[in-house]
Amino acid sequence: MADQPRRPRTLGDARTEAEAAFKKVTAKVAAAPPKQNAVPGIKEQVTLRIDQDVLQFFQEGGAGWQDRINEALRKAAGK
């Protein structure tokens, strides 16, 4: 078998390969934070963008419109 001439490698290629190999060996997989159990009855304040017509629909029912939105979302989530 005849020796094949080697293709010269550039410093950039070697460095890229070395960095990739190093990262592969030393990369730590981040552990997922422990899931907190949801306690019934405790509400969390969030910011939510809702279309104006949807907001008006719930607000037309008077006080308690946030609770009605929460109930609609709970029903949509299958809970």
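Phe-57 is exposed, with a relative accessible area of 57%, where exposed means over 50%, buried under 20% and partly exposed in between (1.4 Å probe, protein chains only). Phe-58, by contrast, is buried at 15%. The model is predicted: local features need pLDDT of at least 70 and side-chain atom pairs count only at pLDDT 80 or more, while totals for chains, interfaces and linings use all residues. Residues are numbered from 1 along each chain as its sequence is written, and side-chain values use heavy atoms, with hydrogens and water left out.

**Aromatic pair**
- A search of the whole structure finds 1 aromatic pair (ring centres within 6.5 Å; planes under 30 degrees apart are stacked, over 60 edge-to-face, the rest tilted).
- The ring centres of Phe-57 and Phe-58 lie 5.2 Å apart with planes at 85°, so this pair is edge-to-face.

**Fold and burial**
- The protein has 3 helices and 0 strands, these being DSSP runs (helices H or I, at least four residues; strands E, at least two) numbered from the N terminus.
- Of the 79 residues in the protein, 3% are buried.

**Largest pocket**
- The largest pocket holds about 910 Å³ of space; a pocket is an open set of points on a 1 Å grid over the protein atoms alone, where a 1.4 Å probe fits, with protein on both sides within 12 Å along at least five of seven lines.
- Its lining (residues with an atom within 4 Å of a point) comprises 22 residues, with Lys-43, Glu-44, Gln-45, Val-46 and Asn-70 nearest the centre.
- Helix H3 (residues 65-76) gives the most to this lining, with 7 residues.

Methods. Phe/Tyr/Trp six-rings, centres within 6.5 Å; stacked < 30°, edge-to-face > 60°. Points joined across faces, edges and corners; volume = space filled by probe spheres on them.
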